[in-house]
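Hi there,

Here is the structure I promised to pass on. Have a look at it first, and then read on for what turned up.

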2 protein chains.
Amino acid sequence: MKITEASKACGLSVYTIRFYERSGMLPEIDRGSDGHRRFTPRHVEWLTLLYWLRETGMSLKQMRRFTTLAKEDGAGIAERRQILAGHADTLKSKRAMLEKCESVLAIKIASYGPAHEEDAK
Amino acid sequence: MKITEASKACGLSVYTIRFYERSGMLPEIDRGSDGHRRFTPRHVEWLTLLYWLRETGMSLKQMRRFTTLAKEDGAGIAERRQILAGHADTLKSKRAMLEKCESVLAIKIASYGPAHEEDAK
DNA sequence: CATTTGACCTAGAGTTGCTCTAACCCGTTA
DNA sequence: TAACGGGTTAGAGCAACTCTAGGTCAAATG
């Protein structure tokens, strides 16, 4: 699979995938005889996880650490679990933040007085 | 009130407050005879709203637009309401994203096998 | 009275995490 | 044959901070 297809499959832009590779956040990617990257389903699975992690605010630094552990394989499982569990915790507080903000917005919107039908058109 | 106090009250760093002022996202801020900014409770209220908007991912561009409308006052209410309502909508989908990611993480963590007591220490 | 401390000021450099451009290569297709 | 549609790299540009350097001033301290 080439980069465009991988991009569509994982949700990251081709720019971002190349950037992540340069930044050492991806496992080895083989090249075809044409010099183009060849992505396996395992790569796509990895990219998809990274997509979720970045989309929900994990830093590149942490993602790099996570990838490094995966490369070492075996020994790093405990720390990888810890990174993901820690991130899951931050997601909980992010969700609370969003809820809080939604209520702040609701109050603010209400403070503008009742909506006029005309405004919505 | 000076900048440090305002910063503590609204949640934005003093750097960010100054940056927001330079970027035209704040109403006029008066200066004391010492040249230092003087923040009123209204400023703090405004900064706090901006804090929530940025913390939940609104772009500076949109925040600038929002501030511009507030400066004009009166006529802009409809569009301001629309901006906030639109943002409230994006928060809903963000919240759905987080939930989705939380379940992705739970599956991934489970795939590492049962946690060892030793790992948690 | 002199100086040092601390809070503020500005301009501008540095950082993170992309995002895009320029210039190039290579295989197919008209 | 040349031009099109992918891919490649290096590096510039951008958003949104974040911090540093060098300065002012007011109050506290030696």
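Which residue of chain A comes closest to the rotation axis? R95(A) does, with its C-alpha at 3.0 Å from the axis.

Some housekeeping before the rest. This is a predicted model, in which local features need pLDDT of at least 70 and side-chain atom pairs count only at pLDDT 80 or more, while totals for chains, interfaces and linings use all residues. Residues are numbered from 1 along each chain as its sequence is written, chains are lettered from A and ligands numbered from 1 in the order in which they are written, and side-chain values use heavy atoms, with hydrogens and water left out.

**How the chains are related**

Chain A is superposed on chain B by a rotation of 180 degrees with 0.0 Å of shift along its axis, at an RMSD of 0.0 Å. That is the relation of a two-fold axis.

**The interface**

Contact here means heavy atoms within 4.5 Å. By that rule, 34 residues from chain A and 34 residues from chain B take part. Of the interface residues of chain A, 100% are also interface residues in chain B, so the copies meet through the same surface.

The two chains bury about 3,300 Å² between them, and 76% of that is on carbon and sulfur atoms. Buried area is the accessible area (1.4 Å probe) that two parts lose on being put together, summed over both. On the chain A side, W52(A), R81(A) and Y112(A) supply 23% of the area buried against chain B, more than any other three residues.

Between chain A and chain B there are 4 salt bridges, a salt bridge being a side-chain nitrogen of Lys or Arg within 4 Å of a carboxyl oxygen of Asp or Glu. R95(A), the residue from the opening question, is in one of them: its partner is E99(B), with the closest N and O atoms 3.9 Å apart.

Which helix of chain A gives the most to the side that touches chain B? It is α5(A), with 22 residues. Helices are DSSP runs (H or I, at least four residues), as strands are (E, at least two), numbered from the N terminus.

R95(B) and E99(A) also meet in a salt bridge, at 3.9 Å from N to O. R95(B) lies in helix α5 of chain B and E99(A) in helix α5 of chain A, so this pair joins two chains. E99(A) is partly exposed at 38% relative accessibility; buried means under 20% relative accessible area, exposed over 50%, and partly exposed in between (1.4 Å probe, protein chains only).

**Other salt bridges**

Over all chains the count comes to 16 salt bridges. One of them joins the side chains of D34(A) and K2(A), at 3.8 Å from N to O. This pair links distant parts of the chain, 32 residues apart: D34(A) is in the loop between α2 (14-22) and α3, and K2(A) is in the segment before α1 (3-10). D34(A) is partly exposed at 39%, and K2(A) is partly exposed at 41%. K2(A), D34(A) and R38(A) are linked in a network of salt bridges.

**Aromatic pairs**

Rings of Phe, Tyr and Trp (its six-membered ring) pair if their centres lie within 6.5 Å; planes under 30 degrees apart count as stacked, over 60 as edge-to-face and the rest as tilted. The count comes to 6 aromatic pairs over all chains. Among them, W46(A) and F66(A) are stacked, 5.4 Å centre to centre with 10 degrees between the planes. W46(A) sits in helix α3 (residues 41-55) and F66(A) in helix α4 (residues 60-72), 20 residues apart. W46(A) is buried at 12% relative accessibility, and F66(A) is buried at 0%.

Y51(A) and W52(A) form an edge-to-face pair, 5.4 Å centre to centre with 75 degrees between the planes. Y51(A) is buried at 16%, and W52(A) is buried at 13%.

Best wishes

Notes:
Least-squares fit on C-alpha atoms with pLDDT ≥ 70 in both.
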